[in-house]
Amino acid sequence: MTTLTELLPWDKVQIARNPQRPRTLDYIRVLCEDFFELRGDRHHGDDQALVCGISKIDGRSVAIIGHQKGSDTKENVRRNFGSPHPEGYRKALRVMEHAKKFNMPILTLIDTAGAHPSMAAEERGQAEAIARNLLVMADLPVPIIATVIGEGGSGGALAIGVADRLLMLEHAVYSVASPEASAAILWRDSSKASEAAKAMKITAQDLHSFGIADLIIPEPEGGAHMDVPAIVHAVGNALREQISTLSALTLDQLLDQRYAKYRAIGRFRQAQTEIVEA
Amino acid sequence: MTVEVHDLKDFFRRAPLPFTSSRREQQIPDNVWTKCANCGELTYQKQFNDALKVCPKCGYHSRISSREWIEILADADSFVEHDADLQGIDILGFVSPKDNYEAKLAATSERTGTNDVVMSGSASLEGLPFEIAACNFDFMGGSMGSVFGEKVARTVERAADRGVPVLTINASGGARMHEGIFALMQMAKVSVALTRLARVRQPHISLLVDPCYGGVSASYASVADIILAEPGANIGFAGRRVIEQTIRQKLPPHFQTAEFFLEHGMIDAVVPRSDMRATIGRLLRLYERTTSSADHREHVVAGHQ
């Protein structure tokens with residue numbers, strides 16, 4: 001018998017993608033006191049791969065944005081397997097501006113293999129839609145808490161993931177590209193996904209050790225899907241604590257800390273002198 | 001941020017090269033012919049160089065290095081390079097039978113004479129000062145890792161501090177896989193830096209050149225105040241091959257070109273290389289009135305009196 005502590009990174013990818021694993025709406029249903037879904041980007045359509053809305057948690061108004069995968073084939077078709085088009089990111093952007101206007105903390109739930117690659121997505125500016133959200137989230141004057149509940153893949157995850165705090169579920173993964181795509185890019189062989197998953201250090205534990213994830217939320221034995229009420233409760237407690245910590249900061253403190261957090265990510269070597277002139 | 005201060009001896013052994021015109025290209029003598037990668041037309045090398053490496057027959061814009069871009073755009077002797085000493089490190093302990101990241105970095109540095117993708121510094125165009133960060137696609141496919149992100153972020157912050165515009169020249173295949181999540185987070189790092197530039201009301205001009213995809217395209221390069229692209233440049237979020245595999249059909253040739261994105265409202269202009277210097281000069285002049293935020297404030301105060 002294998003215990004969870006012995007899981008390989010590729011095993012974690014499988015757990016993160018387990019169809020039984022609780023999704024964004026499973027968290028919303030329990031945690032939110034009267035969730036009102038906000039739909040559509042007001043330009044093109046309503047992308048159901050991303051769910052947005054307003055709600056109250058402990059009497060406090062919050063905005064919620066999360067990727068939504070389907071629980072069966074039919075729902076997956078409707079929700080495009082949780083891979084948004086530009087209109088999904090623009091709906092999220094609309095809700096971010098909404099949260100700014102009404103001073104609501106933003107909770108984002110990340111669960112996507114990545115933004116959808118297609119002709120339609122390119123024509124409508126997938127790159128711009130993602131880029132715009134990064135820029136807006138960089139100095140949005142409300143607390144932002146991102147939680148990776150399943151898989152976080154690439155720019156499609158980061159587009160709702162620039163936050164004051166990044167939380168990850170114990171068996172969640174977050175990577176620059178899905179393991180399959182990484183293997184294809186690195187070795188032109190997407191079947192080497194399990195090797196890529198290992199080489200690229202994508203687990204919650206890896207990201208916590210890098211200082212990129214701020215907190216790991218332990219999952220019930222066997223993974224989040226084994227005891228949904230328990231994991232939803234744990235996530236709710238973690239979010240409440242973060243909301244109250246971040247709400248105590250002044251706006252300048254909040255934005256300065258966010259700036260410093262992202263500005264400091266990266267490792268490199270630098271010589272002591274500099275400036276080479278023409 | 002972890003900055004590993006390297007042994008000085010080590011640094012001088014691989015000191016950044018002083019800025020002169022492109023070393024490797026200079027080794028190609030003028031009296032040879034060059035064959036267009038697009039149409040196969042033979043052009044005398046001198047004529048090709050004089051045309052800024054644009055094919056005189058079909059107009060194909062060959063990929064050029066960051067050094068060459070700076071030569072084209074910056075006033076003679078105005079470019080002062082910054083942060084040339086930043087070097088990538090193997091953050092993840094990247095283990096793969098086929099890939100040794102540090103060895104790859106060292107070999108690419110040796111071959112290109114630069115430490116990473118981006119060359120950055122201060123320059124002027126027709127006397128107007130700006131900060132520039134230009135990609136060299138030839139360095140590991142222009143991939144964005146920690147050094148790339150740091151250099152662009154410093155360029156943007158330097159521009160904000162000096163109160164001058166930023167020009168980025170973007171050619172990239174996307175994030176550098178060997179740096180994993182650190183590579184992804186560079187997109188956010190440059191984004192936070194850009195908020196400082198916005199605060200001092202200085203423009204970011206982004207020039208997209210062939211090819212520009214993935215993390216660079218899905219971050220600062222696509223949300224500049226002005227976005228220009230070279231004719232025929234391939235631009236996009238997802239690569240062509242990835243989309244073809246997803247939709248299981250061939251894409252039309254026009255798809256994801258600069259002209260395609262102009263039609264779809266994603267960029268401001270497609271500018272031939274021969275007009276690039278004049279165009280960017282025009283833009284810098286158009287923003288010049290607002291370049292001094294102090295003047296702007298005085299103006300506002302005067303208006304109130």
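Modeller: Let's start with a definition: two strands pair if DSSP finds at least two bridges between them. Helices (H or I, at least four residues) and strands (E, at least two) are themselves DSSP runs, numbered from the N terminus. This is a predicted model, where local features need pLDDT of at least 70, side-chain atom pairs count only at pLDDT 80 or more, and totals for chains, interfaces and linings use all residues. Residues are numbered from 1 along each chain as its sequence is written, chains are lettered from A and ligands numbered from 1 in the order in which they are written, and side-chain values use heavy atoms, with hydrogens and water left out.

Colleague: Okay, which strand of chain B does strand 9 of chain A pair with?

Modeller: Strand 9 (residues 267-270) of chain A goes with strand 5 (residues 86-88) of chain B, antiparallel, over 3 bridges. Look there for A:Q270, which stands opposite B:L86.

Colleague: How many residues does each chain put into the contact?

Modeller: Contact means heavy atoms within 4.5 Å. Here chain A brings 59 residues and chain B brings 81 residues.

Colleague: And what is the area buried between chain A and chain B?

Modeller: Buried area is the accessible area (1.4 Å probe) that two parts lose on being put together, summed over both. For this pair that's about 6,300 Å², with 67% coming from carbon and sulfur atoms. On chain A's side, A:R263, A:F268 and A:R269 supply 15% of what the chain buries against chain B, more than any other three residues.

Colleague: How many salt bridges are there between the chains?

Modeller: A salt bridge is a side-chain nitrogen of Lys or Arg within 4 Å of a carboxyl oxygen of Asp or Glu. The count between chain A and chain B is 3. One of them joins the side chains of A:R269 and B:E102, at 3.8 Å from N to O. As for elements, helix 6 (residues 126-138) gives the most to chain A's side of the contact, with 9 residues.

Colleague: Now inside chain A: is A:D47 buried or exposed?

Modeller: Buried means under 20% relative accessible area, exposed over 50%, and partly exposed in between (1.4 Å probe, protein chains only). A:D47 has 7%, so it is buried. You'll find A:D47 in the loop between strand 1 (36-37) and strand 2 (50-57). Not counting residues up to four places away in sequence, A:D47 touches A:P84, A:H85, A:E87, A:G88 and A:K91.

Colleague: Where does A:G152 lie?

Modeller: In strand 5 (residues 144-153) of chain A. A:G152 counts as buried too, because its relative accessibility is 2%.
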